[in-house]
Amino acid sequence: LSMIDTAAVGLLGGTAQQAALNPAVSVTDYGALLVAFMYTATTNLIAAAAREDEEDVLLAGGRATSRPRTTATLIVALKLALLVGSAFGVALFACGRTLLRFLIGNDALDPLVFGAALRYVRIRALGMPATVVIGTAQSACLGMRDVKSPLYVLLAAAVVNFLGDVLLVPRAGSRMFGGAAGAAWATVASQYAAILFFGRWLTFAENKVTSGDDANNDDAGVVNVTQGIMELTGTSKAGRSRRKEFLKFLASSRLSKRIRRAGRETAEYESTQGGPHPSNDTMMTSLTKDKIRSKDEKRQPSMPATKGFLSGGKLTPLNFLSFSDADFDRSKAGEFLPFVVPVTTTSVGRISGYVAMSHVASSALGTYDMAAHQIVFSVFCCLTPLVDALNQVAQSLVPAARAEALRETVRNFRRVGAGFGALLLG
């Protein structure tokens with residue numbers, strides 16, 4: 001979103017407004033990395049909870065209808081993200097001037113540029129609760145191995161941000177709604193729009209309409225045998241596809257394996273029980289059921305794992321804003337604490353070099369040089385997420401990996417990381 005702001009302000013707002021983005025974006029975007037522990041913790045805890053729910057289902061010998069651990073962890077993560085984002089937004093709004101002066105280091109910056117940067121920081125601070133909630137929801141989707149849902153939501157948010165920039169940035173006569181400030185308002189609007197998109201995606205499930213054929217899938221005995229035999233043995237065009245599928249099915253290894261297994265079971269049963277196996281008469285019916293079920297599974301595309309995951313009243317706008325003991329599991333929230341110090345320390349180390357570059361650009365360079373630096377650095381920031389995405393993908397896959405596969409998974413991520421690093425270097 002900051003790249004869209006940089007492009008829009010550079011094209012529509014002027015050089016001074018774009019130069020203001022240099023220290024302002026550094027304060028807002030790098031400062032937001034201080035709450036990155038929420039994203040790391042959410043990905044790890046959701047992936048672990050999903051793994052435990054899957055194991056419970058396998059032990060019960062059934063199919064997953066509800067995932068209580070994953071649901072509880074996701075709800076706590078979203079509520080905690082709202083708290084953390086709100087606290088960070090208040091701190092950023094109150095300390096915006098101090099942080100900008102600390103980053104710049106002197107009074108050499110043009111007051112016009114400094115004022116535009118301060119307005120940008122304070123307006124962006126209003127959207128920090130949405131920023132943290134969006135990042136947490138995206139991390140939760142990755143923890144459940146759903147990479148498509150965040151893409152849909154963030155693309156929609158980018159469209160909202162672009163339209164807002166086009167409408168607000170050219171209003172240079174308005175200090176609070178034009179230029180860099182207009183870009184900030186557009187970003188905040190897109191972030192809260194993304195929350196609405198995520199909320200609808202997570203809490204609204206599509207009603208599956210069952211057709212007559214699907215309703216009768218379990219009753220495989222109701223078959224028009226005469227018509228089937230005529231189509232299989234005749235030469236009519238209507239039975240051409242049926243004959244083709246039947247020949248393919250006869251030649252498949254799946255059928256031969258099933259017949260051999262049934263033969264062994266029948267021989268063992270007759271040798272021990274002294275009578276015919278009761279499944280001989282129903283073997284073809286079972287094969288027919290498997291064939292119908294496999295065709296239905298191919299016909300119906302699978303929905304993302306997070307679509308409607310919190311539907312059925314699991315999360316509503318009212319209990320999302322409620323932090324009472326009945327609606328907020330404080331013991332589960334405590335599971336996020338071990339991630340705070342190590343992840344925050346790592347984030348500070350990562351951004352220290354970028355902050356140093358922004359300090360030099362803001363304190364020693366002129367307005368035009370600051371604007372040029374912001375453009376170049378925005379392009380760089382658009383490329384780095386290609387590698388940063390491996391971080392969250394690894395966190396979602398490693399908890400589900402078994403001990404014998406863990407080393408191979410780590411080696412694969414090292415190879416992919418080295419490849420992406422070389423690609424960016426080239």
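This is a predicted model: local features need pLDDT of at least 70, side-chain atom pairs count only at pLDDT 80 or more; totals for chains, interfaces and linings use all residues.
A crossing of two helices is called right-handed if the near helix is turned clockwise from the far one by less than a right angle, and left-handed if the turn is anticlockwise.

Start with helix α2, residues 15-32, and helix α5, residues 111-125. Their axes come within 8 Å and cross at roughly 40 degrees. Angles under 35 degrees would count as roughly parallel and those from 65 to 115 as roughly perpendicular, so α2 is oblique to α5. The crossing of α2 and α5 is right-handed.

Now turn to helix α4, residues 68-104, and helix α6, residues 128-143. Here the axes lie 7 Å apart, and the helices pack at an angle of about 150 degrees. Angles over 145 degrees count as roughly antiparallel, which means that α4 is roughly antiparallel to α6. This crossing, of α4 and α6, is right-handed. On the α4 side, the residues that meet α6 include Leu74, Leu78, Leu82, Gly85, Phe88 and Leu92; among their partners in α6 are Met128, Pro129, Val132, Val133 and Ala140. The contact of α4 with α6 divides into 13 nonpolar and four polar residues, with no charged ones.

Terms used
Residues are numbered from 1 along each chain as its sequence is written. Side-chain values use heavy atoms; hydrogens and water are left out. Axes are lines fitted to C-alpha atoms, for helices over the stretch in contact, and angles run from 0 to 180 degrees between N-to-C directions. Helices (H or I, at least four residues) and strands (E, at least two) are DSSP runs, numbered from the N terminus. Contact means heavy atoms within 4.5 Å. Ala, Val, Leu, Ile, Met, Phe, Trp, Tyr, Cys and Pro count as nonpolar, Asp, Glu, Lys and Arg as charged, and the others, Gly among them, as polar.
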